[in-house]
Every structure is written in C-alpha cells, then in structure tokens.
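Visitor: I would like to go through this model with you. Could you put it on the screen?

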Amino acid sequence: MKISKKNLSFIGLSSLVLLTSSLATAAEMSSMDHSGMDMSGDMSDMDHSGMDMSGMDHSGTDMSGMDHSGTDMSGDMSGMDMSGMDHSSMDMSGMQGGQPPADARSPDYSNGVPYGQYGKPMMMGSMPLWGVSVDDLGYQFDEDQINFEATGWYGTDSNRIRLRTEGSAQTKDDKEIDSLSSLAYWKPLSIFWNGEAGVAYDTENDNAAVMAGIVGTAPYFIETDARAYLYTDGQLRLDLGAEYEWRLDQHWVVIPEVGLTAFSKDDHDNGITKGFNEMETEVRLTYETFSRQLAPYVGVSYETALGKARGQRRQENESVDSSSLTAGVKFWF
Amino acid sequence: MNKTMLNRRRFLTGSSTLLGASMLSTLPSIANSALGKGQQNAAVNSDKSDHIVPILTGNEFDLYVSKKPVTVNGKSSMATLINDSLPAPTLKMREGDTVTIRVHNQMNESTSIHWHGLLVPFEMDGVPGISFDGIPANSTFTYKFKLKQSGTYWYHSHSGFQEQTGMLGAIVIEPKGRERHPIEEDHVIVLSDWTHRDPHNLLKLLKQRADFDNYHLPDFKKLLSDIAATDLEAAHDKRKMWNKMRMMPTDFTDLSGEKTFTYLMNGKTTAANWTQLVKAGQPVKLRFINASAQTIFDVRIPGLKMTVVATDGIDVAPVAIDDFRIGVAETYDVIVTPTQDAHTIFAQNIDRSGYVATTLATKKGARAVIPAMDKIEWLTMADMMGALGDKGYKAKHAKTEYDFKSDMRVDSPRMNLDDPGINLRDIDRKVLTYDQLHSVDEAIFAEQRKPTREIELHLTGNMERYIWALDGVMFKDATPVNIKPNERVRITLVNDTMMNHPMHLHGMWSDLRTPSGDFQVRKHTIVVQPAQKISFDVTGEVGRWAWHCHLLYHMEAGMFREVAVV
C-alpha cells in the first residue's frame, strides 16, 4: 500500500502549515524584539504535542510532493509583519507568549490542601458551549451560484469538535452543489492560533480526505487560515486564506479577503493542475446589525486560475478568470 | 413622603415578623395591578417611580426568592426577585445583634445568598460548593450570624447568573455606639445593570466574539479625527502597538449600555424620574452600592461636592470630591448638602455607553439637568506595560502564564494609587483615588501586624478568547490558596490585562497597602487597574472562602479561587 507514502507527504504538508503559521508569529515577535527573530522561543509557544499529529516528525519531512510556490506562501505570511516599525524606547518583547523561564514561580499556593467537604463550584464558563458562524451565505451573480461557508463547534476553551462546510450551489444548469466539509478536533496552539485535525469530504471529486489546519489572528488583526487535505487518492490540497476587517464606523465594515488553493499533483479529470491553482478574492461592504450578529453585504469577487491551471483552462476553452457582484449575509449565534 | 415611608417601614417590619412575609410578596403586585396600566404581570416596573424598595428591620428576616417578570424600558422579562422587589429589600440591622435570615427558595432551581462584606462563619457565607451546598429548589435555608461590624454592605446570589437577573439588595448595619459622622438622614443608592438578554447566552456570545458589544472599536472615522487633530504619522503611531499586539485600546467593558444593559438606580430607569426628597441645607448621607453584575460606574452629583466618609462599610477620613469611580461590589458613603431645588445623581458607566440618573430634590417635582456623559480616551502605554523604565514593581510571573490563556504579561506594573483610571484622567473635576482613602479606626490600625508571607497572583486573560484566570489558571484547573488560621499574609496582585478587575476576597478584610507597603485603607473589594500591582494584607479566618473578580462574567469565565484557611 501507499499509505506510508501518503502519510509522509501529509505529514510534510502539515508541517508546512505549522511552519507557515509559526513563521507568521515569529515574524511579528521579531518586530517587537529588536534583537531579531527568536524562532525557537516562538515555536515552543505552539503546543505541538497537544495536536493530534503525534506522528509528526520534522526531520522526515517530505515536501517533494509540494509545488515550490508553497514555500513562497509561507514567505508571504511572514511578510504580514510590517518591518521597520520603530518602538523607540519601548521594548514589548516578551509580553506575549514565549516560554517560562526556569525560575518562573508556581501558581500553586495550596500547601497540599485539597478542596473541602462541599467540593468545588462549577463556573458557567467551564461548561461546554457551542457556536455557529455562517461567514458567508451569498449570491454570486455572474456565476449564478450561491456560495456558503459555515462553521459550528461544541466544546470548551481548550478542546472543541468543529464542523465546517464551504462550497457553492449552482442555481442554473446542472444545479450542482460543490462542497468541502470537514469534522475536526480543535485546540488552541498559542495566544492567537488554533489547530485543527480531522476528516473531510469533497463532493467536487467525490473523495474523502484527512485534514489538518491552523487558523488564527495575525498581527494587524488579519484573520488567516491554512488547511491541508490529503485525499484517499494521494492528492494533497492546501487552502490558504486571509481576511481583514476595515472598520469604517461602528456598523459599516469593508472586508477584503483572499483565498489560494494548491494541489500536489495533476488531476485532469477534475481540472486540477499541480501547484497553485486558483486565487479567489472578494471585497465586501457589510453592515453589522442585531448586536453585530447579522451583517448583510454587497461585494465584488474576482477569481483567477494560477500557473499551469491557466493553460489548462484556455485549452478547455474556459475563461481564465472571472469577476462578479455578490450579495448575501454573514451571521453568527 | 418621609412620613409615608416611615409608616410603610413600620408596617413592613411588622409583617415580616408577625404576619409572615409571604403577605409582603403580594403587596407590590397588588399595587401594580391597582394601577391597572399594562404590564399587569410584571412584579416591578422599573420605568415608573412608584415601586418603593421595602426596608426590613429587626433581627429576623424572611426572604422569598422567586422568578417574576419585571418591566424595564417598556419590555418585560423574567427576573429572579427577592420579596418581589428589584432591588431586593434593604435589610437594616444593628451591630452586635445575632440575625436570623430565612431564605425561602420558591424556584425550581437552586439558589444562595452571599452577605457581601460581612464577616460571618464560613458556613453562613453563602457560596455553593465552598461554604455550603446551596439552597435547593423549593426549600428554606436559615442563615444565622452575629453582626461584628457596621456600615453599608449588600447581599446577592452566588449561584449562576441570578445576581444579574435581580438578586441583589442593600444591607445597612447601624453601629452599636455613635456614628463617626452622625447624619440625621441617610438613603441607600443601589446601582445595577439590567439586561433582557439571557446571561448564559451573553457569555457564549463573548466567547465567540469578545468585542461584539464594544461600540468604541477603532474605526476609520476615529482615524480621520485623529489625523485632523494631529497628523497622519501620529495617528498611525497611536495604532501601531495595538495592531501589532492584537490588543484593543478601548477595552473598557465587555458588555455595554449600547445594546445589552439598562442601568438602574434603586431599581429605576432614568425614565422613571425617581426622586428622593430631602431638606435644603441639611446634610444627607447617601450610601452608594454598586450591585451590578458587570458594570463599573462613575458617579457624580453636578453642583454638589461629595464628602466620602466610608468605603466598603469602613469609615475613612472625610475627603471632598466631585466624582468617584465605584467598582462592582464596592460601596461608598458620601455626605452631601443639597442647596438647589433639585440635583441629579448621575452614574455613567465606565465606557460611556450609558448612564442612569435620579433626582435629589428639596422641592417636590423639581428636576435638574442631566449632564452629558464624558468622553472616552484610549488606553495608554501605562495601561499596557505599567511603569516605564525601572520604576515599576518587578513582577514574578507564574510558569502557567505563557500559554494561550494569557494574551499578555506585564513585567513592571505600576504601583501608584493616584490614578483616577481610564476615561477619568482628562477631566477637570476632582476624582477620588485610592490614595485619598484613609481608614481612621484605631482598632483597624492595631490589627496591622507585619505579614509573615507574601502570595503573588496575577490577573490574566485572553481577551479575544474571553478566557479569564489567575496566573493563567482557570478556576476549574486550580488548587485552593492555603492560608493558616490567624496567619497574616500579604497578597500581591498584578493585573496583566487591560481591564479593571474588582477583586473580592470573602470572609476577611483586605487591608490595602500604599506603594511603599504602609497601610492605606481597609476594604472588601479592591479594583485593580490595568497593568497595576496592588498589595493588601489579610488575616486568615478559619474556613473556606471564595476569592474572585466581581465582574460576574469574568468570574464565570474562571477568574476565581478558593482560599482555604485551615
């Protein structure tokens, strides 16, 4: 079986995802720390052990299956830091994350005294909670399709199960629904980053996958996500996304977002080419209402094929890129 | 008005001891339905001034806890009321008395009452899971304890969110001897925050998006006005640090008056136009109690100097001020001498998204102007980093403060007690600060033994995740803090977060220290400002005691410890 090889490349991809995010965090740390980047300290801030990827081994990382542009992406993410900021007299290094010094004190002042006869009160916040967030439910006019992206979760601050689905439904012609859905275990990795690992199903190529990802907030409040999918046929997919809320006032917000998709190998049946395949961007003007829980929007989307995918689309007489007006809602509860 | 109050008081006292207080609980609803104006079902209409908070006196009390609808801002929703009153009846007791309080739980859920600031045997302290098992549904629990103190205190539920939904009331304990500042007339002013939203859901929403109720988020409008006021570079610099660290410069409160809270004074909205009639030129003592779940208030009475004479039930050397900030669960007794026909008692919340106003009138029907709320400021470098340079305290971080639960650590917190606090720094009026509060009782000074041990704990949080903890450890993962009986311990708190946390230790006094370690003032609840280090000394009182941030949602999120004095 090829399982071991698949695992290897999956591990490689997961590592890359982790690395990408680490780089982003490291880069922001470096900007605060004038002495330079402290990769080791930052990496340790991420709790790798907590993630369900125990088999991960950086030394055995096999990135052969990856297009090299993947590495460029990690560069891009670390580039989110605007270098050259001058903090003059301030030194904010070490205020966030990092690793405790060897002599850090213990938080335990119990002297071994246990809780008493009445036990211990249960705080509401430690009970499992749930949340649903529909980040997009909208119509793409030129494509005649409904786009959707939704996440639901159940769990605590430190452990959650989360269900996610994204895709589109054609409203004309074949009424086809394309979706990529995943069920994952979710865990915080560091102050602003969370890890996910689970299983996924893609209706576009009718294929199941295992997935891992890192989602979080980069400096300047850029919401980023990076997810890798290893399909049963050995195909590897990498989805990268970034989103920013440019707040005009307390209700009107402009949200630019960009998403990139890469694959590890050609798959002509499904119109997939190796490397970065596709870039989707959208700028939405949203109006937050009902306690910011509902935000209708109008937007403009632009989607373009990248790299070899451009050639393939031309060959098949499809357009290389397209743009559309969009309108829809974003809500959470 | 005073006469009818007295009559009512006498009648209520009688009823509570002789006729049985269940009669009492029917009174307000009869009164309401007699008015025959809508909202017949509501036990209390906060928009009208006719509901008078009952005053119960004596040494035996019956409190009936039930779910009843109340009307606030024209909308009704279910509240958790004591004796059908919002706030709960004011309990007037006498120092030295042994009081018996029967709490009748008429709900289908468990409840509890904590006597905030009262030194009682720990089994009487009313914290389910620490001092007793709680009061099960449809049962009665009898509290009995001797009053060892006097002054202004309050009581509230310590179960779930019942405090948010109305279980709060004032306690006034008359001193055995003569008052230090004898004032013929005094009135209780209970501040609270009411929400029609389900508190559980609010906590869930905060966990999902911690800034959803902040209507001071940095925006383009503010950027433009900053550029206009200074220049592009200065405006950019101002934002740089916040953006890089992913912190919020306007993180004053989690839940605001914009969409969540309606603020109440003695259970009344501003619209109720509630008036306390007093005599012109005669000093009156106002006992302010912040019985909110989550709201820090800034209080003033425009045109009147307030002389603060006590805080948290303890007398202080009189200090004349214009404004005071009252953290959740703090109390302040102030003396004012009304001069005009009417004065507005004005309490604006810390983020200026709402206020409540009532009237102190010397002439019936008179009303004074309600002032505009003050402006907000952005939090500063000192709120984030404490003392710049080497002037601060050298914080000793716990090894548990380095993971995802703490979004920031302050290495050199500031120690000064003279900061009025965020949104009060740029105003011209005289604002009370902790360094102006001095206990005066000789007996208290006599108790200021030198501590033999120091316990340092840090107030930590991850704002974006809405995680609140001490030393990065949420209560569910924490061990008790052990103090030996009668041991004198110095507790040092360092606030690693950008929010104010009113910290309350049950069962024993918190003797606040000056930056140099001298005795400042005795309190039961101490507001720790952002990036501030404060120290207070305690003497171990046998029992198990709750210790927590009195912002209810912070407490429920995990900013809580048990102190085991064994």
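Guide: Let us begin with Pro87(B), which sits in the loop between β4 (75-82) and β5 (88-94) of chain B. Helices (H or I, at least four residues) and strands (E, at least two) are DSSP runs, numbered from the N terminus.

Visitor: What kind of peptide bond joins Leu86(B) and Pro87(B)?

Guide: The bond between Leu86(B) and Pro87(B) is cis, with omega at about -5°.

Visitor: And what am I looking at, before we go further?

Guide: This is a predicted model, in which local features need pLDDT of at least 70 and side-chain atom pairs count only at pLDDT 80 or more, while totals for chains, interfaces and linings use all residues. Residues are numbered from 1 along each chain as its sequence is written, and chains are lettered from A and ligands numbered from 1 in the order in which they are written.

Visitor: How many helices and strands does chain B have?

Guide: Chain B has 8 helices and 32 strands. Its radius of gyration is 23 Å, close to the 24 Å that the globule rule gives for 566 residues, so chain B is as compact as a globular protein of that length. The radius is taken over C-alpha atoms, and the rule is 2.2 Å times the number of residues to the power 0.38. The C-alpha trace of chain B spans about 65 × 55 × 45 Å along its principal axes.

Visitor: What share of chain B is buried?

Guide: Buried residues account for 57% of the 566 in chain B. A residue is buried if 20 or more other C-beta atoms, placed from the backbone, lie within 10 Å of its own, exposed if 12 or fewer, and partly exposed in between.

Visitor: Asp471(B), then: buried or exposed?

Guide: Asp471(B) is buried, because 26 other C-beta atoms lie within 10 Å. Its place is the loop between β23 (467-470) and β24 (481-483) of chain B, and its phi is near 55°, a positive value in a residue other than glycine.

Visitor: What about Phe290(A), buried or exposed?

Guide: Phe290(A) counts as exposed, because it has 10 C-beta neighbours inside 10 Å. Phe290(A) is not a glycine, yet its phi is positive, at about 50°. It lies in the loop between β11 (275-287) and β12 (294-305) of chain A.

Visitor: How many residues does the contact take from each chain?

Guide: The contact takes 48 residues from chain A and 60 from chain B; two residues are in contact if their C-beta atoms, placed from the backbone, lie within 7 Å. On the chain A side, α1(A) gives the most, with 3 residues.
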